[in-house]
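Could you walk me through this model in my viewer, stop by stop? I would like to know what to select next and what is there.

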There are 2 protein chains.
Amino acid sequence: MRASIKDIARATGYSITTVSLVLNNKGNKISAETTAKILEAARALHYRPNQLAVSLVKQRSKTFGLIVPDISNGYFSSLATGIERGCQKYGRMLFLCSTNDQRSRNIKYINRLAEMGVDGIFDIISRDTTLEEGIVEVQLMNDLGIPHILVDRILDAPGCAGIENNHIQGGYLATQHLIDLGHRHIACVTGPTLLEDARRRYAGYKKALRESGIPLEEQLIYRGDYTQASGKAAVKSWSDGSYTAVFACNDASAFGVCQQLLAEGKTIPGDISVVGYDDAIYAEMLQVPLTTIRQPIQEMGMEAARQLTEMINRHTTLKEPIVFEPQLILRSSTAERNRP
Amino acid sequence: MRASIKDIARATGYSITTVSLVLNNKGNKISAETTAKILEAARALHYRPNQLAVSLVKQRSKTFGLIVPDISNGYFSSLATGIERGCQKYGRMLFLCSTNDQRSRNIKYINRLAEMGVDGIFDIISRDTTLEEGIVEVQLMNDLGIPHILVDRILDAPGCAGIENNHIQGGYLATQHLIDLGHRHIACVTGPTLLEDARRRYAGYKKALRESGIPLEEQLIYRGDYTQASGKAAVKSWSDGSYTAVFACNDASAFGVCQQLLAEGKTIPGDISVVGYDDAIYAEMLQVPLTTIRQPIQEMGMEAARQLTEMINRHTTLKEPIVFEPQLILRSSTAERNRP
């Protein structure tokens with residue numbers, strides 16, 4: 001157990017008031033001898049001011065919380081690292097909380113972080129969160145009086161501005177690249193369409209097709225969930241082979257697509273071109289290094305830390321979303337469509 | 001701002017004492033009507049009991065802290081996920097703190113977690129920590145009266161027992177596998193030898209060579225630091241080409257080794273066999289899927305959570321290290337030595 005002021009009073013024979021005054025640097029009327037004795041006892045007993053008590057008074061812990069869906073997912077761990085660096089730059093410590101993509105755990109962690117007295121929260125909503133539930137989550141942070149900022153997965157609702165990627169543009173860039181290479185039958189593995197970012201990547205795909213006058217082929221759209229397994233399942237579902245390219249809405253599902261294509265004896269990009277999304281750490285390590293969409297994750301994380309710090313210092317909220325632009329990363333998984 | 005008991009007293013006209021008794025469930029002498037009015041006001045004002053104040057009294061937060069060197073490193077994020085699951089199983093929440101492998105940040109986070117009133121700490125020491133500094137770090141947690149357990153990177157000192165991998169056995173398995181394939185000139189990329197786990201992997205390598213009567217070739221030992229860059233640099237340093245196999249002490253450096261070998265026009269495993277260590281997420285995704293050593297990370301994480309929970313419930317400390325055994329994972333990067 002940590003030594004309390006009481007313990008020091010007991011050890012030295014001075015009153016709790018006297019000890020408290022000395023330890024809180026308000027002992028200017030107390031003799032040097034007494035002060036020295038109390039400080040010596042405090043050192044010997046490993047006394048430390050109780051931050052809980054200090055926080056109660058100051059209401060500032062210089063600590064932020066970050067709620068992430070899955071810390072073992074490279075995308076989120078990179079984002080977390082960016083936010084960590086930003087927090088360090090702005091003199092904050094950071095507690096990360098991993099929710100296993102369950103909304104109920106976001107709620108629990110928001111409450112716990114508030115109880116612990118953190119100064120602000122970066123919240124990434126969970127995959128199973130509806131728009132209505134997301135609004136309730138933001139409202140909870142408002143009710144708790146805790147400054148907050150949504151990162152990465154955002155909500156299309158008033159008062160829910162956050163730091164986001166331009167995912168429509170990302171989906172558009174990926175698809176336009178395939179169109180530029182001569183592809184006309186472009187399959188798509190979507191993310192979980194409950195998520196706004198997945199809907200937007202898919203919207204970008206549709207926008208590129210529409211602009212080029214290419215009809216959308218419903219049978220080539222596979223509703224995935226951002227997992228490797230859903231990429232594999234998608235390829236199996238397209239067994240008639242009427243496509244020459246795939247846009248997978250994240251790298252994990254793109255990896256599943258590639259694995260299944262290679263397992264079926266197809267070549268990449270000879271038979272089928274594949275584009276992913278995220279530029280995960282392994283994208284360039286794959287057997288066929290993956291053409292993909294890179295989001296400026298580190299910069300996003302740094303900016304999130306800057307914004308939250310400003311919001312606290314200036315008592316403001318974020319009025320407009322802050323949008324980061326994605327970039328096409330060309331590697332070896334895409335090529336011109338084979339002429340028949 | 002969060003509504004306080006004072007605010008509710010002001011809003012209802014009752015005294016702070018009355019409001020406090022009702023909200024702390026000690027209002028059995030207070031009329032039902034008064035109780036109802038106070039509870040209604042508490043709801044309307046979004047009152048929540050202040051956990052900081054509650055923690056001061058109960059000294060239990062049902063929350064653990066985990067200090068990790070680098071959350072964007074797949075090995076540590078998997079370990080963190082295992083600990084997270086364990087905490088969830090034992091009814092604890094978990095705050096992760098990422099230190100960028102700097103000992104000074106371990107110390108800061110230990111202090112902050114203690115101040116915040118977490119019930120216990122899982123500590124992974126930083127790469128730059130000497131044995132003496134590690135002992136001081138453990139002593140700090142003892143002084144703070146906070147139950148703690150070292151995970152993964154352990155200290156060879158009394159009172160510092162933790163959850164560890166049998167890294168000597170891991171290094172031995174990797175090297176013995178290459179010896180079994182007929183290799184006699186086996187190069188090694190070590191980890192940062194300040195770390196006990198890196199020293200042990202290397203000790204396992206030496207043990208296997210010694211047992212087979214193969215002389216250690218100093219010029220084939222490269223002092224790396226667990227990075228991809230150090231794997232590349234190692235291959236460049238062995239330009240005379242007198243080796244047929246490499247044991248890289250983690251997968252990141254093994255990936256660097258493979259990249260550089262392929263860049264120099266060598267084939268894997270035709271010219272050179274490569275074994276890694278960790279079984280990182282990308283090990284099987286590589287151009288040449290990597291033979292490596294798998295540590296039971298998830299199980300380690302779960303066990304760490306169980307042990308820390310027990311230590312708290314039974315007021316004990318860990319007397320003996322808990323050792324997990326590694327396993328050789330065979331893939332495509334190793335083969336029999338070419339006959340001349």
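Helices (H or I, at least four residues) and strands (E, at least two) are DSSP runs, numbered from the N terminus. With that naming in hand, please keep in mind that this is a predicted model.

**Stop 1**

Start in chain B and select B:Ile268 and B:Pro269. The peptide bond between B:Ile268 and B:Pro269 is cis, with omega near 5 degrees. Where does B:Pro269 sit? Its place is the loop between helix H11 (251-263) and strand E9 (273-275) of chain B.

Now jump to chain A and pick A:Ile268 and A:Pro269. A cis peptide bond joins this pair too, and omega is about 5 degrees. A:Pro269 belongs to the loop between H11 and strand E9 (273-275) of chain A.

**Stop 2: H10 against H11**

Stay in chain A and select residues 228-237, which are helix H10, together with residues 251-263, which are helix H11. Their axes are 6 Å apart, and the helices pack at an angle of about 45 degrees. H10(A) and H11(A) are therefore oblique to each other. Look along the pair and you can follow H10(A) as it passes H11(A) in a right-handed crossing.

For the side chains, show the contact residues. On the H10(A) side they include A:Gln228, A:Ala229 and A:Val235, and on the H11(A) side A:Ala252, A:Phe255 and A:Leu261 are among them. Colour this contact by class and you get eight nonpolar, seven polar and two charged residues.

**Stop 3: H5 against H12**

Next, select residues 74-89 (helix H5) and 297-314 (helix H12) of chain A. This pair packs at an angle of about 40 degrees, with the axes 7 Å apart. H5(A) and H12(A) are therefore oblique to each other, and their crossing is right-handed.

Among the residues that meet here are A:Leu79, A:Ile83 and A:Arg85 from H5(A), with A:Met300, A:Ala304 and A:Arg306 from H12(A). By class, the contact holds eight nonpolar, six polar and three charged residues.

**Stop 4: where the chains meet**

Bring both chains into view. How many residues of chain A are in contact with chain B? There are 37, and they touch 38 residues of chain B. On the chain A side, the elements that give two or more residues are helix H4 (51-58), H5, strand E2 (93-98) and helix H6 (103-116).

While you are here, select A:Asp101. This residue has a positive phi of about 55 degrees although it is not a glycine, and you will find A:Asp101 in the loop between E2 and H6 of chain A.

**Stop 5**

**Stop 6: the domains of chain A**

Finally, zoom out and colour chain A by its domain assignment: domain 1 (5-49), domain 2 (61-165 + 297-324) and domain 3 (167-295). Draw a line between the C-alpha centres of domain 1 and domain 3 of chain A, and it spans 67 Å.

Key
Residues are numbered from 1 along each chain as its sequence is written. Chains are lettered from A and ligands numbered from 1 in the order in which they are written. This is a predicted model: local features need pLDDT of at least 70, side-chain atom pairs count only at pLDDT 80 or more; totals for chains, interfaces and linings use all residues. Axes are lines fitted to C-alpha atoms, for helices over the stretch in contact, and angles run from 0 to 180 degrees between N-to-C directions. Angles under 35 degrees count as roughly parallel, over 145 as roughly antiparallel, 65 to 115 as roughly perpendicular and the rest as oblique. A crossing is left-handed if the near helix is turned anticlockwise from the far one by less than a right angle, and right-handed if clockwise. Two residues are in contact if their C-beta atoms, placed from the backbone, lie within 7 Å. Ala, Val, Leu, Ile, Met, Phe, Trp, Tyr, Cys and Pro count as nonpolar, Asp, Glu, Lys and Arg as charged, and the others, Gly among them, as polar. Domain bounds come from an automatic or database domain assignment.
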